[in-house]
Each structure stands twice: as structure tokens, then as C-alpha cells.
Amino acid sequence: MMAQVRVNRDINSRAGAHPDRVFQGHSPAQDIAIETRNLGRMFGDVQAVVDLNLSVPAGSIFGLIGPNGAGKTTTIKMLLGLIQPTAGGASVLGRDILTDSLWIRSRVGYVMETQAMYGYLTVGETLSFCRRLYPRWNDELVRGYCKSFGLPLERKVGKLSKGMKTQLALILALGPDPDLLILDEPTSGLDPVRRHEFLTTVIGEIAGTGKTVFLSSHQLSEVERVCDHIGIINRGTLILSGSLDQIKAQEKKVRIITQGALPEEIMRMPQVRKVEPEGAGYLISISGAVDAVIDRLRALPHSFLETIDMNLEEIFMDYVGAPDSCKTPREGE
Amino acid sequence: MSQIGAARFRALLWKEIREHRWPAAGVAIILILLAVAIPPLYPFLTGMIKNIQFEEQLRQLPWQLRGQLEATIGSFEGYAYSNWFKNLYQLGMILVLLIGAPLVASELAFGTIDFLASKPVTHGEIIGAKLAAGAILIAGVLILPDITLWISCLAWGETINLATILTGSIPLYLGFVLALEAAAILSMTIGDSWKAAGVLIGISLILGIPGWIPGYRKFSIFSYMDAAPIWMQGIFPWSAILGLLLGILVLFIIALRLFEIRDF
């Protein structure tokens, strides 16, 4: 059932993570690209985003993951000033989203999920139109990408395929040489080849430049492949956030077959999120200081014990997927 | 406005004109054809009217139609005003509906408003450019056929001052801009082009009703758009113009405010 089962304690291993980057997790002293403070938004009686406290380190590739309707797009729209928060506040690149949204939009490249563009304009006209809206624009980069993607400049945007529209949206987002790239479900509806091509381009462009990428997705495999930091959001609430390394190091499962019932004190340990009976034993989900729990379990009389590393999908499903799962908001760092 | 702000606004203006150019071109072509046709039809119509038992039948007509017919057969100026103003008024309102009703609603329907609003432009610049583009297109649609009518009149040996024709279009133009702003507000608040157009037509009909009731014409908003004082009496209707300008300012502020606070 588990994709990865490891008995070793190499909690710093980063299976599936992008190999070009070494991530240590950020400290408060590092620059922060996006910071939200109790950010909230209500639509009528529905709370789309609730007390969101998010911190995206500058230079990171941050993946905001969550099921459909979790509040990802609402969060992004608030960050860009497209919708106003009903509670809290946020800053992007050090500027307040309420007072400096124009400046923020001039420094942020945005690829939205729907890729709605003006179908009556040609690719060339769309590029020219957007170029005039930004104070800075990298013509050379735009030309280069148009050539490498093979985008026909004279073709109407309405006649482009979904993949080509996504490529054009990415070029338009990269054109203003942004300090922050926000991608809202950018590969939704793309085939695996186009999806891989898109992410490779993003990583190729961003890696080593110090720019930040904020990626919203429910494609967990692609998030795990490219992101070094993640946040899991569900029903408008952030339930887990931090560097992927640290989250993986702090989220473990232990399979144990004990002689007799599991002591109550184990279940009451703050690191123990969930205990599920499994065959003759138990499957225990642990968050935080896992070693303390594992050491305690080792001390119990047992016939079998293994520590299981979890990949992002398993962590996500553990927090969001199972309806009866015990979800505890916590910071990964 | 800063240099960058001005460049942004020009880009938005270009986009809006590009978006709405075909309805404007269509209405302009129809008006130009009408402008060409009006002078040669004058002798034909007057000849036809004089050949029938006119006086008796004239007395039986409603006062509005009687006045119109008397003016029509009285002079070429009256005929030209009556026919030209009516055409401009009707086709101009259709153009206002074609441009104004989808002004924001179509962007909301296709999701392109997100694309636009996520760029470094203010909401004020977006709605300002939309209204400015509409106003420019309407001006073009009025001016070109006006000039065509003047040329056509000259070609058929009739003389109507070009300044009179153009000045006569000013109250009409301001009325169209006012209606465009109303359409934009409806388009923004209703979010559906067809419904916005329907509501605007309904409001226009209600506002037009007093114009058909003797003694209550001044309560019709359309009476302020009338070019008759300029064409027939050579009087510039300052109070009507000022009233229309005030209305334009008020609706512009409302449109701006509504758009600025709107979520996308």
C-alpha cells in the first residue's frame, strides 16, 4: 500500500525533490516573499479562507496544495489585489496587498488556471499589449521562448491549443522579469508531456535566479518534483506548512505489533496524530519530534516495528483525504 | 498621469477600440448609406405628398406626427433634420447597446477580466479606458456620417452648414455617452450582456414616455438630446448640454466607484 517503506531513519532524504536545489528550510531572518497574517475571506456565509498565516521564503518554490475549493485561488486573488480580504492582511515582496497592489502586480508574473485571454488578438498583439502595461519587459526572453515553443505570432489566441495557450500564459508571466511567479493550477488540463515541458521551463528559468515561485496545484506528484516548500490547505484553513524536507522528516508512520494493547500514554503523546488498528498491530501517524515517539515504542515489548517514510501524496491524504482523520493545524518548522 | 500610466491607458484604449470596432463600423456604414440616400429622396417624397389629399388627412394625425410632417415638407432643412436625427438617434442607441451592454459583462463571462485585472493597471484605468473607447467610437460613428450627409447635400444642390450638422450632433452624442455609462454600470452590476441590454431598453422606454405626452416633454431625458433648436432655430441648447454633462460626470463617478470596489 505504501509507495516507500524505509526502515532507516534517514529523515533528510528527499525522494522526488528537485535535485538542483538544496533546501534547509527558512529561518525568520531570511527574506520573505509572501506573508499572510490571519488572512480571511468570506463569500456571503461561506468562509473561503480562514485565518491564513502563510510564509513563503524568497527564492523558494512553494507549492500550495489542496483539494478543489480549498481556497487556493481565493488566496492567490487576494495576494494580487483582485479580491479584497474580509479579515487580516498580507504582504507580497514586502508591500502591503491593500495599499500597494499596483506595485505588486508590476513585479509578479501570474499564470491563472483558466488562461482566459483575448481570442480576437493574435499572439503577437497579445504580447505587444501586455508589454505596454509593464514598466519593465524582457523582449529578448520573450522572443526566445516564442521561438523555442514554436508559437506562431500571427495566429489568433482563440485558435491556439490548450498547450499553446499555457505556453503563451507562461511567456506573458515571465515577460515582465518578475521577482515572484504565481502559478494557479498552471498545468491543469495538459497532457503529461506538456505538463513536464511547462514545469521544466519554469524550473529552468527560475533556478539560480533568486526568484520565488508560488505554485497552486492538486497535482501532488508535480508539486513534490519541483517544490521545496509546501503548504496544505483544506476548507480555507492552512493545515500544514513548511519546507518539504522538514515536513517529510517530521511526518512518519510506524507499523508496530505489540504484545498486548498499545498503552494509553502513547496515544496521548502530542506527536501522535492518529492510531489505526491494522491486523494484529497498529499503524501510528506521528508529527513533529518523531524520535521521541519511536524511542518510546521501541521500549515496548513488540514483535515487529518499522518506521515508514511518507511521500507528499501520503502526507496529503493523511491530512486531507481520510474523512475521519485527525487533523491538527501545525507548522512544519 | 505618469508616463507609464499614460502608456498603460493607451494600451487599454487600443484594446477596447479593437474589441468594439466591428459594431461601430457596421453602424457607421449603415448611417453613411442613409446619409447618401437622404438628399436624393427629398424631391421624391415631397412630390408624393403633394399629390395626395394632404390637408384634410394632416388634420387627423396626432400632433407629433403632424408637426413632423409639416416640418418635413416645409423645407429641405426640416426634412433633412427630421430624417437624419431620427436615424442617428435610433442607430446610435443600438450602437450604445452593442458596445455598452457587453462592456464588462463579456469580460466577466469569458474570465478575461482576471487576465486584465492581474496586470499592473488600476480598476479606474480599466473602466476609464472602456468608457473612453466607447465614447471615441460613438463620436467617430456620428462625425463620419455627418460629413457624408453634408457632402451628399452639396452633391444634390442643397446647402446645409456642416457646422450646423456637427453641432446638432453634440447633444445627441452627450446623450449617447450618458446611455453608454448607464449600460456599463448595468453590465458591471448584472454581469450578463443580454440582461443588461434588456434592462437598459426598459429604462430608456420608461424615460421616453413623457416625451409622448403633451406638456410633459421636458421630463423625457431624450428631449435634452434634441437637435431641433440648433437645426431649426440656430440656438445652442446650453441648459440641456450642461444637464447632460452633469449626468455624464455623476454616472462616471458611480461607474468608477462600483468598478474600484468590485472583486474579480
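In chain B, mean confidence is lowest in helix 3 (residues 63-74), at 64, and highest in helix 7 (residues 123-155), at 95.

Student: What are those scores, and how are helices assigned?
Tutor: pLDDT is the predictor's confidence in each residue, from 0 to 100. Helices (H or I, at least four residues) and strands (E, at least two) are DSSP runs, numbered from the N terminus. This is a predicted model, where local features need pLDDT of at least 70, side-chain atom pairs count only at pLDDT 80 or more, and totals for chains, interfaces and linings use all residues. Residues are numbered from 1 along each chain as its sequence is written, chains are lettered from A and ligands numbered from 1 in the order in which they are written, and side-chain values use heavy atoms, with hydrogens and water left out.

Student: What is the mean pLDDT of chain B?
Tutor: The mean is 87, and 90% of chain B residues reach 70 or more. The model scores ipTM 0.82 and pTM 0.82.

Student: How many residues does the contact take from chain B and chain A?
Tutor: Chain B gives 27 and chain A gives 26. Contact means heavy atoms within 4.5 Å.

Student: What area do they bury?
Tutor: About 2500 Å², with 65% on carbon and sulfur atoms. Buried area is the accessible area (1.4 Å probe) that two parts lose on being put together, summed over both. On the chain B side, Phe115(B), Pro120(B) and Asp263(B) lose the most, together 25% of what that side buries.

Student: How many salt bridges across that interface?
Tutor: The rule finds three. It needs a side-chain nitrogen of Lys or Arg within 4 Å of a carboxyl oxygen of Asp or Glu. One salt bridge pairs Glu125(A) with Arg18(B), their closest N and O atoms 2.6 Å apart.

Student: Which helix of chain B gives the most to that side?
Tutor: Helix 1 of chain B, with ten residues.

Student: Switching to chain A. What domains is it divided into?
Tutor: Domain 1 (11-246) and domain 2 (250-321). The bounds come from an automatic or database domain assignment. Their C-alpha centres lie 35 Å apart. The contact takes 15 residues from domain 1 and eleven from domain 2.

Student: What area is buried between these domains?
Tutor: About 1100 Å², and carbon and sulfur atoms give 75% of it. The domain 1 side has ten nonpolar, four polar and one charged residue. Here Ala, Val, Leu, Ile, Met, Phe, Trp, Tyr, Cys and Pro count as nonpolar, Asp, Glu, Lys and Arg as charged, and the others, Gly among them, as polar.
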